[in-house]
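These are my notebook entries on one structure. I record below what I looked up, entry by entry.

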Amino acid sequence: MSAIITEQSVKMIYSMLRKLPPFDSWGLPPAYKIKFKVLEDFKFMGELQVKPYKMTFGTKYQEHFETIVTTVAHEMIHLSLYLEGVPSYDQHRRLFKQKAKEIGSLYGFDSKWL
């Protein structure tokens, strides 16, 4: 298991990003309302469950700080779309790509990676 990617660290990354733009204007729930899970042999880099709120992250395909930050941001985009009532919140469609581009240009992340 990665020393950087732990349930506590992804919770802290989520909390930090939630306080920064544009995340701070999205009305995302505080970290204590979300269960964070990290698994070694998870088939995805990250996954959002909405009822109840749960974010699961895998270490099989990521091990670095920048990668986990972008993965947390990615799941936060999905969560924001869900809260906005977007039926396809779990897809990577136009609205998702718009938010990814905004985050990518603001923080220097590749929006196609988000």
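**Entry 1: Thr 71 and Gly 46**

I first looked up Thr 71, which touches Met 45, Gly 46, Phe 57 and Gln 62, not counting residues up to four places away in sequence; contact means heavy atoms within 4.5 Å. The model is a predicted one, in which local features need pLDDT of at least 70, side-chain atom pairs count only at pLDDT 80 or more, and totals for chains, interfaces and linings use all residues. Residues are numbered from 1 along each chain as its sequence is written, and side-chain values use heavy atoms, with hydrogens and water left out.

Thr 71 lies in helix α2. Helices (H or I, at least four residues) and strands (E, at least two) are DSSP runs, numbered from the N terminus. Is Thr 71 buried or exposed? I noted that Thr 71 is buried, at a relative accessible area of 6%. Buried means under 20% relative accessible area, exposed over 50%, and partly exposed in between (1.4 Å probe, protein chains only).

I then turned to Gly 46, which is placed in strand β2 (residues 46-50). Gly 46 is buried, with a relative accessible area of 17%. Leaving aside neighbours within four places in sequence, I found Gly 46 in contact with Thr 56, Phe 57, Thr 71 and Glu 75. Gly 46 and Pro 21 are 25 residues apart in sequence and 21 Å apart in space, C-alpha to C-alpha.

**Entry 2: helix packing**

Two packed helices are described by the angle between their axes and the distance between the axes. I recorded that helix α1 (residues 7-18) and helix α2 (residues 65-83) pack at an angle of about 60 degrees, with axes 10 Å apart. Axes are lines fitted to C-alpha atoms, for helices over the stretch in contact, and angles run from 0 to 180 degrees between N-to-C directions. That angle makes α1 oblique to α2; angles under 35 degrees count as roughly parallel, over 145 as roughly antiparallel, 65 to 115 as roughly perpendicular and the rest as oblique. The crossing of α1 and α2 is right-handed. A crossing is left-handed if the near helix is turned anticlockwise from the far one by less than a right angle, and right-handed if clockwise.

For α2 and helix α3 (residues 94-107), I noted an angle of about 135 degrees and axes 10 Å apart. These two helices, α2 and α3, are therefore oblique to each other. The residues in contact are His 74, Ile 77, His 78, Ser 80 and Leu 81 of α2, and Leu 95, Phe 96, Lys 99, Ala 100 and Ile 103 of α3.

In the loop between α2 and α3 I located Pro 87, which is exposed at a relative accessible area of 77%.

**Entry 3: rings**

How many aromatic pairs does the structure hold? I noted six aromatic pairs. Among them, Phe 42 and Phe 44 are edge-to-face, 5.8 Å centre to centre with 75 degrees between the planes. Rings of Phe, Tyr and Trp (its six-membered ring) pair if their centres lie within 6.5 Å; planes under 30 degrees apart count as stacked, over 60 as edge-to-face and the rest as tilted. Phe 42 is buried at 12% relative accessible area, whereas Phe 44 is partly exposed at 37%.

Tyr 53, Tyr 82 and Tyr 89 form one aromatic cluster.
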